[in-house]
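Biologist: I'm new to this one, could you walk me through it?
Modeller: Gladly, here it is.
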Amino acid sequence: MNINSAEFFRSASAIKGLPEEGFPEIVFVGRSNVGKSSLLNSLCAKKGLAKTSSTPGKTRLINFFVINQNIFFVDLPGYGYANVSQTERESWGQLLSDYVRYRKKISLVVVLIDSRHPGMGSDREMIEFLDFCGHPYGVVLTKFDKLKQSEKTKARRAMESCAPKAKFIVNYSSFSGEGRSTLLAQLDNFSQ
Ligand SMILES: Nc1nc2c(ncn2[C@@H]2O[C@H](COP(=O)(O)OP(=O)(O)OP(=O)(O)O)[C@@H](O)[C@H]2O)c(=O)[nH]1
Ligand SMILES: [Mg+2]
């Protein structure tokens, strides 16, 4: 797909604040600081569309962006962020799982995984959860620019064995743009 327009639409902190179901939703999930918001900005070629930060826990709400006036891209807060209270973590976990389980218009979940640490426990749990929910999902290995050549092959193999049901695995760098056109081509299949 080509992205011709990308605009912030709405944030929600609870299920009742979500926009009415309408457009197909492509949802971006992953550990805190994995690069979700950066990837959205790089995909949409729009700096500052989603707020990014080197400090984990930047995105605290479910953020909806309208793409090409007919698709939602959804940026979720990251999981696995240690620096929040147990209560906050539980309520966020509940919101994330309710959203992903019950939202009918989710056409694809994109799981972002730090290419330097494929196969972490929380990412494996997310993949198991998505298998359970039955949504199609693909994997993006983020920050690929940080890997040496030998590490690239290793990361890729590790990921293939962790997520055998993934519709795709794309190596990605929001800094260099590596993987951008491959990912956009994949998303095209889930935009109707
Ligand atoms: N080297 C490199 N750094 C990246 C890349 N993508 C993101 N980063 C850096 O990783 C940090 C986190 O990026 P964000 O996009 O804010 O991550 P996030 O997953 O949205 O984080 P939360 O909202 O806190 O869950 C920032 O310092 C980014 O500059 C990448 O492709 N390569
Ligand atoms: Mg973010």
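Modeller: In helix H1, the buried residues are Lys 36, Ser 37, Leu 39, Leu 40, Asn 41, Ser 42, Leu 43 and Cys 44, where buried means under 20% relative accessible area with a 1.4 Å probe and protein chains only. This is a predicted model, in which local features need pLDDT of at least 70, side-chain atom pairs count only at pLDDT 80 or more, and totals for chains, interfaces and linings use all residues. Residues are numbered from 1 along each chain as its sequence is written, and side-chain values use heavy atoms, with hydrogens and water left out.

Biologist: How many of the residues of H1 are buried, then?
Modeller: H1 is mostly covered, with 8 of its 9 residues buried; helices here are DSSP runs of H or I with at least four residues, and strands are E runs of at least two.

Biologist: And what comes just after H1?
Modeller: Ala 45 follows, and takes a positive phi of about 50°.

Biologist: Switching to pockets, what volume has the largest pocket?
Modeller: Its volume is about 980 Å³, where a pocket is an open set of points on a 1 Å grid that fit a 1.4 Å probe, with protein on both sides within 12 Å along at least five of seven lines, and lining residues have an atom within 4 Å of a point. Of its 47 lining residues, Ser 32, Lys 36, Pro 77, Gly 78 and Tyr 79 are the closest to the centre.

Biologist: Which helix gives the largest share of that lining?
Modeller: The largest share of the lining of the largest pocket comes from H2, with 8 residues.

Methods. Chains lettered and ligands numbered in written order. Points joined across faces, edges and corners; volume = space filled by probe spheres on them. Buried < 20%, exposed > 50% of the residue type's maximum accessible area, 1.4 Å probe, protein only.
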